[in-house]
Amino acid sequence: MEILAQAGSPFMHSNFTMGVATSSFQIEGDAKNREPSIWDTFCNTPGKIADGSHGLVACDHVNRLEEDLSIIDSLNVDAYRFSISWPRIIKKDGSINQQGLDFYLALLAKLKQNNIKPYVTLYHWDLPQYLEDDGGWLNRKTAYAFAEYVDVVSKAFGDKVFSYATLNEPFCSAYLGYEVGIHAPGKVGKEFGKKAIHHLLLAHGLGMRVLRKNAPNIEAGVVLNFTPFYPNTNDEKDIRATQLAHDHHNDWYIKPLIHGCYPALIDKIPAAHRPDIHDGDMDIIAEKIDYLGVNYYTRAKVTDDGSEDPCQLPAPEGSETTAMGWEVYPQGLTDLLLQLHNDYQLPPLIITENGLASDDTLTMDGDVNDEQRIRYLTTHLQAVADAIEAGVNITGYFVWSLLDNFEWALGYEKRFGIIYVDYDTQKRTLKASAIRLQQLLEERRKALNAA
């Protein structure tokens, strides 16, 4: 990670933002003071969460806000990326939960006091269950409900936010939640996935219009996760399968945002699987964004195994993998950024999530030696630097995640944090990666202040 403080590195500029990131359901807890979300329902469904856990307490962040913000301050970061819990803001009867707004206003006030830029994500998967009861993201009305929620939040927050993201990883919400069913709400069927993504993207566009009205001077964009796909062999079938995977899982999300249309693949899939597109929808979806957030974790190799869908292979034998079983492949991040740069006329890019899960343990001395995470962050920061050197406009990098937390369908089994959380005591311990990041960002800050 030394590149963060090296003279001449692309990170040694005051206009490059270094931060850490979290999301509401994964850390907040305090479930009694919000409406249930689709993830509460999913957690209560037997067999859906690997360890049978839930997010009712999680990292108890709501009750430990001061402590967690002090930790963030101590890391010497420029920014903190967090999400707003929609169920904490809008009650089932449509009224506003002022207590929920007050929590985030207190968070924003403390960040301002510490001179840390707030990067606010408006939707990170925790849809209110009362909206799912009416169809969730399969119901077009949910997109308009999102716009109303964005209106409430952006008016309440005023000028206290540095940057907004409408959605985080709509691929996960739509494909994992409404097509393969491994995320909430757990629906399964190809007739659902692309309908859900259309309404999510519509929600994004409607949300952008609200933000332009209520917060015209605040940066606003959207966050997508990408997987760069590589053919397993040079066989034409594998190459075609790789392109198909890219069209389904990458271009289906970014092309409507930038070009105002879906990939040509839309004409090849069964009519029952296509989204319900109304006149004017694509113009709304393609509302101009100030930045594109890019989340990257790994790559995938693809083969044509004769099945209907491209076959994504497990990590190559002998490759380094994370606790998730994902291949560590920093070149994939450079390749992805260059592909996006070459395929689209893009606004500035921000790496809004990058990190790994490792099998971290607390030693008897109270240390957590997460050397693999340090290596991962080091090589991936270099991958970002390589992309910048090749001409890609990248203005920020956020480590995922600040805290070990509720890792969705995997419960608390996987630890992505640079801060170790003992879930029995809620004690926080800086891992070796956090300590190294802290030191290097302090050096960086001193050098920038002296410049």
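In which handedness of crossing does α7 pass α9? The crossing of α7 and α9 is right-handed, that is, the near helix is turned clockwise from the far one by less than a right angle. The model is predicted, so local features need pLDDT of at least 70 and side-chain atom pairs pLDDT 80 or more, while totals for chains, interfaces and linings use all residues. Residues are numbered from 1 along each chain as its sequence is written, and side-chain values use heavy atoms, without hydrogens and water.

Helix α7 covers residues 141-157 and helix α9 residues 190-214; their axes come within 8 Å and cross at roughly 30°. The two helices are therefore roughly parallel (angles under 35 degrees). Axes are lines fitted to C-alpha atoms over the stretch in contact, with angles from 0 to 180 degrees between N-to-C directions. Helices are DSSP runs (H or I) of at least four residues, strands (E) of at least two, numbered from the N terminus.

Contact means heavy atoms within 4.5 Å. Residues of α7 including F146 and V150 meet residues of α9 including L202 and L206.

The pockets follow. A pocket is an open set of points on a 1 Å grid where a 1.4 Å probe fits, with protein on both sides within 12 Å along at least five of seven lines; lining residues have an atom within 4 Å of a point. A volume is the space filled by probe spheres set on the points.

| Pocket | Volume |
|---|---|
| Largest pocket | about 1000 Å³ |
| Second largest pocket | about 440 Å³ |

The lining of the second largest pocket takes most from α10, with five residues. In the largest pocket, α8 gives the largest share, four residues.

Methods
Angles under 35 degrees count as roughly parallel, over 145 as roughly antiparallel, 65 to 115 as roughly perpendicular and the rest as oblique.
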